[in-house]
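Subject: Structure for your files

Hello,

Here is the structure I said I would pass on. My notes follow below it.

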Amino acid sequence: MENDKLSNRPISPKTQAQRLFTAIALPDGHKQKLRQWAEQDLEELPFRKWSDFRDYHVTLQFLGDVATSDIPKLEQALVQAAAEHAPFMLGIGEAGFFGREQFPRVLWRGVTGQRESLDQLYHSILRATEPLGFKPEERPYRPHITVARSYTGKEPVPVSVWQPNDRIAEPWEVGEFVLYATRMGQKPMYQIIQTFPLLR
């Protein structure tokens, strides 16, 4: 019903809103290992922005600015999506990039493991939020963990960055996903405001 749609409602300057997205948060141990890789293997590379290791995550759906009063209805839809899925295993994959390989716009680590289960969860979340007016991005879903943005070096990124390494090979069980709020200018920048256990 039209009255159920949240994201299409104009948010006035006086309305309190939060910028939200759904994601899978990495376990603390994996965050630390990924941090060690970034600090040891990438420390000499000039990127304009490095992700705070506490913010490492795999995005599911970006939701945009949501009025605070509408968040409970959104959370209810996400609870239903989570209930459709059982826990599954993921791991951290090899380094990759968006933009040009030699001068990447974004440097990330990929995701391995039960990718089909991850894709199914992604689509369940899209189906749950669509009746509320939230639209999926037009580009294909490419799960990843952002490590750094905006390479500013004059020399190309060393080829060694893209070579496989197995220091973060251990998989982990994904038993939940979260709703993050963005806190611009803060460290960490993302705050969990709700957790959704996978219950099937």
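Predicted model: local features only at pLDDT ≥ 70, side-chain atom pairs only at ≥ 80, totals over all residues.

I24 touches H57, V58, L60, F88, L90, L118, L121, W172, V174, E176 and F177, leaving aside residues up to four places away in sequence. The largest nonpolar core has 50 residues, and I24 is among those with the most contacts inside it, together with W37 and F177. In soluble globular proteins, nonpolar side chains tend to be buried together. There is also a second, separate core of six residues, including F21, A23, Y180 and M189.

Now the sheet. Four strands make up an open sheet, ordered β3-β1-β8-β9, with antiparallel pairing. The edge positions belong to β3 (57-67) and β9 (190-197); each has a single partner strand, so one side of each is left without a neighbour in the sheet. From one strand to the next, the twist averages 25°.

Within the sheet, β1 (residues 17-25) and β8 (residues 176-182) run antiparallel and are joined by four bridges. Across this pair, L20 stands opposite A181 in β8.

Two helices pack on the sheet. Helix α2 (residues 71-82) touches β1, β3, β8 and β9, and its direction makes about 45° with that of β9. Helix α3 (residues 115-129) touches β1, β3 and β8, and its direction makes about 10° with that of β3.

Regards

Methods:
Residues numbered from 1 in each chain as written. Heavy atoms only, no water. Pairing = 2+ DSSP bridges. Axes fitted to C-alpha atoms, helices over the stretch in contact; angles between N-to-C directions. Contact = heavy atoms within 4.5 Å. Core = buried A, V, L, I, M, F, W, Y, C linked by side-chain atoms within 4.5 Å. Buried < 20%, exposed > 50% of the residue type's maximum accessible area, 1.4 Å probe, protein only.
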